[in-house]
Amino acid sequence: MNKSITKVATADMESLYRIFTVAEAPDSTLGQIEKEISENLAGFLNEHIVARAVSLAEIERDFSCADMPEQPTFVSEHTQFLLDKLVANSVHTAAPSFIGHMTSALPYFMLPLSKIMIALNQNLVKIETSKAFTPLERQVLGIMHNLVFGQNEQFYQTYMHSESDSLGAFCSGGTLANITALWVARNNLLKANNQFKGVNREGMYRALNHYGYQGVAILVSNRGHYSLGKAADVLGIGRDDLIAVEVDATHKVLVDEMRTKAAELEEQGIKVMAIVGVAGTTETGNVDPLNDLADLAEQLSCHFHVDAAWGGATLFSKAHKALLKGIERADSVTIDAHKQMYVPMGAGIVLFKQPKLASEIEHHAEYVLRKGSKDLGSHTLEGSRPGMAMLVYSALKVLGRKGYELLINRSIKQAEYFAGLISQQADFELVSKPELCILTYRYVPQSVKALLAKADLNQQKRINEKLDDLTRFIQKCQREAGKSFVSRTRLTSNLYPEQTITVFRVVLANPLTTEQILQDVLAEQAELAQLSQFALPALKQILAESAR
Ligand SMILES: *Cc1c(COP(=O)(O)O)cnc(C)c1O
């Protein structure tokens with residue numbers, strides 16, 4: 001290793017200048033890290049390993065010194081440490097057997113393009129630091145707006161690059177996108193009029209007083225993402241005023257329930273600020289009846305937001321986009337490009353149907369974001385921001401709508417395959433059928449299944465609690481073994497409506513995941529179940545009791 005090139009190890013200016021000017025030698029450990037990561041991106045086709053079987057406590061020991069490093073160190077030495085301790089123990093989210101979360105494999109070109117993005121280090125908050133990137137970001141917002149709302153060409157020619165309008169905003173993810181959308185909704189509801197200067201200037205207390213509201217509320221199904229709770233919190237609405245509405249057996253919000261809830265709230269003087277439809281629930285991947293929700297929002301004259309962080313990309317598929325019918329009637333829509341658009345993390349998008357809608361969150365400052373400038377920062381919650389638009393744009397261009405369509409269709413088809421496979425197993429139970437590419441299930445030995453079917457509520461509850469233990473046990477063992485990964489969650493299912501149960505959750509978005517891998521995942525789980533020292537014996541005991 002050539003230390004003279006990678007050198008920084010003395011605290012003198014000469015050495016420090018070098019790290020800002022000298023490129024890393026290709027044979028250094030940085031090169032090794034890149035190679036390792038590229039292999040990761042290639043998908044561990046032959047050996048699907050998700051993570052090394054090292055305990056978290058062991059890893060924590062490598063990262064537990066709180067002393068500020070005093071002396072500079074050689075880059076080569078430092079990267080060797082990274083390679084051994086950090087990269088080696090990272091989770092291979094790109095592995096085709098990693099099917100538990102929404103983070104999946106990335107197209108290979110994302111890695112070199114990200115390097116270019118970082119080399120350019122454009123700051124999208126203002127034109128002065130992002131010439132070319134700002135128009136690009138506006139174009140990407142235009143393309144995504146067009147995908148969702150499909151306005152005519154004239155519309156996009158008028159608004160795409162207009163400094164006083166905004167078709168949407170880029171942000172770090174779905175959480176920020178949801179907060180931004182509800183921020184816009186709040187400021188529009190409680191905007192300036194008469195002597196009142198607007199909630200953005202006078203705050204919630206005076207805004208509510210001025211408008212004569214006892215409070216404001218947001219309605220969403222009880223499958224809504226937790227980021228909405230954060231939004232209600234930071235916007236001064238209060239988490240308790242994010243009202244969770246019941247869902248039906250397919251995890252879709254009961255619109256009549258929501259209508260009733262809204263009427264109750266308004267009777268108490270609480271104004272419904274927004275209703276939120278979910279297009280792709282995080283746990284089960286279901287889509288709310290968006291058209292019905294749009295009707296309700298019209299009746300209530302409130303903001304209609306659609307959280308399509310996960311499911312938005314379904315619009316690329318001609319075969320499946322009808323699932324999202326009604327999304328085009330939303331006032332705002334969240335889409336995460338870092339989920340089913342296969343862009344690296346940090347790429348959330350919020351879109352506004354009306355280009356003037358975001359004017360209520362407009363913010364100006366003298367040294368940047370001057371009035372009349374095209375600075376994107378005047379309509380974003382975040383300040384300094386990277387040029388992620390380049391990566392989204394590249395994915396859109398390289399894959400094209402047709403490419404995305406193939407990926408989306410494949411994911412849904414594979415989820416259907418896996419659901420079918422689970423249903424065929426004597427010892428498994430499909431809990432939620434996939435609508436998009438997410439499903440939930442659990443391991444239930446055939447004999448227990450038979451008992452559950454004839455058990456009364458009390459006994460069902462007892463059995464399900466033991467099954468919860470078993471599911472947790474299997475999921476943890478599988479994760480620790482590191483060959484494959486599914487996640488777990490707790491939910492109510494129409495199978496056992498009286499209680500919440502623990503289930504495996506699977507997200508099938510990695511195009512490299514094969515049917516064989518899915519078969520292996522089930523086989524491994526069935527094997528692991530036999531190792532359970534408490535849950536399985538407890539179930540056997542219940543079986544023995546009931547046989548008496
Ligand atoms: C992932 C997700 C979010 C949050 O997005 P982040 O990018 O994790 O901040 C919000 N809503 C839904 C439905 C999601 O799936």
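**Charged pairs and polar contacts**

Lysine 252 and glutamate 435 form a salt bridge, with their closest N and O atoms 2.7 Å apart. The model is a predicted one: local features need pLDDT of at least 70, side-chain atom pairs count only at pLDDT 80 or more, and totals for chains, interfaces and linings use all residues. Residues are numbered from 1 along each chain as its sequence is written, and side-chain values use heavy atoms, leaving out hydrogens and water.

Me: How many residues apart in sequence are the parts that lysine 252 and glutamate 435 tie together?
Reply: A salt bridge here is a side-chain nitrogen of Lys or Arg within 4 Å of a carboxyl oxygen of Asp or Glu. Lysine 252 lies in the loop between strand E3 (242-245) and H12, and glutamate 435 in the loop between strand E8 (428-432) and strand E9 (438-443). Helices (H or I, at least four residues) and strands (E, at least two) are DSSP runs, numbered from the N terminus. The pair therefore ties together parts separated in sequence by 183 residues.

Me: Is aspartate 165 buried or exposed?
Reply: Aspartate 165 forms a salt bridge with lysine 356, the closest N and O atoms being 2.4 Å apart. Buried means under 20% relative accessible area, exposed over 50%, and partly exposed in between (1.4 Å probe, protein chains only). Because its relative accessibility is 4%, aspartate 165 counts as buried.

Me: Which helix holds arginine 462, the partner of glutamate 545 in a salt bridge?
Reply: The closest N and O atoms of glutamate 545 and arginine 462 are 3.4 Å apart. Glutamate 545 is partly exposed at 31% relative accessibility, and arginine 462 is partly exposed at 36%. Glutamate 545 lies in helix H18 (residues 535-547), so the pair ties together parts that are 83 residues apart in sequence, arginine 462 being in helix H16 (residues 457-481).

Me: Which side chain does a polar contact join to that of asparagine 178?
Reply: Asparagine 178 is in helix H9 (residues 174-189) and is buried, with a relative accessible area of 1%. A polar contact is a pair of N or O atoms within 3.5 Å; within protein, one must be able to donate a hydrogen and the other to accept it, and residues adjacent in sequence count only if both atoms are side-chain atoms. At 2.8 Å, such a contact joins asparagine 178 to the side chain of threonine 334.

Me: How many salt bridges does a search of the whole structure find?
Reply: Asp295, Glu298 and Arg329 are linked in a network of salt bridges. For the whole structure, the search finds 18.
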